[in-house]
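Me: Hi! Could you walk me through this one while I have it open?

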Amino acid sequence: GGFVIDRVSPGCGPLAGMWVTQASPPGFATSPNFGTRSIALTVFSGGTPAQLEVAAKAAGASGAWVQDATGRFVLLVVDGPAFINEPFRSAFANGMASNTAVTLAR
């Protein structure tokens, strides 16, 4: 995922006044904006298929299309049965390590 720089609040202790990096939670870089055809193009900030599914569901999507390493588009059906989402989970078994383009459908 992405990183957020956050300053530790002043005080006592070994980290007082130091800068630390914290991983930002997985999600979309910007709020998905669905067009008249109920499609939204967005960027997922990296994470697991389960985290993408949570973010897609929160955005009101029923599915997410993502291009795998071979160039093939794979569909993740939000709240879909395991056998339907198995190809997606196999294609992204290690998750998405960085920003990933996603097409959401309502």
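What follows is a short chat about the fold, the salt bridges and a couple of residues.

Reply: Happy to! This is a predicted model, where local features need pLDDT of at least 70 and side-chain atom pairs count only at pLDDT 80 or more, while totals for chains, interfaces and linings use all residues. Residues are numbered from 1 along each chain as its sequence is written, and side-chain values use heavy atoms, with hydrogens and water left out.

Me: Which side chain does E53 meet in a salt bridge?

Reply: That of R89, at 3.0 Å from N to O. The pair links distant parts of the chain, with E53 in helix α1 and R89 in helix α2 (residues 82–91), 36 residues apart.

Me: Is E53 buried or exposed?

Reply: E53 counts as buried because its relative accessibility is 12%. The cut-offs are under 20% relative accessible area for buried, over 50% for exposed and partly exposed in between, with a 1.4 Å probe and protein chains only. R89, at 30%, is partly exposed.

Me: What else does the E53 side chain reach?

Reply: The backbone nitrogen of D79, at 2.6 Å. The side chain of D79 also forms a salt bridge with K57 (2.9 Å, N to O). D79 is in the loop between β5 and α2 and K57 is in helix α1, so this pair ties together parts 22 residues apart in sequence.

Me: Switching topic: where is T70?

Reply: T70 sits in the loop between β4 (63–67) and β5 (73–77). T70 is exposed, at 67% relative accessible area.

Me: Which side chain does T70 make a polar contact with?

Reply: The side chain of D68, at 2.7 Å. A polar contact is a pair of N or O atoms within 3.5 Å; within protein, one must be able to donate a hydrogen and the other to accept it, and residues adjacent in sequence count only if both atoms are side-chain atoms. D68 also has a salt bridge with R72 (3.0 Å, N to O). D68 is buried at 10%, whereas R72 is partly exposed at 45%.

Key. Helix = DSSP H or I, 4+ residues; strand = E, 2+ residues; numbered from the N terminus. Salt bridge = Lys/Arg side-chain N within 4 Å of Asp/Glu carboxyl O.
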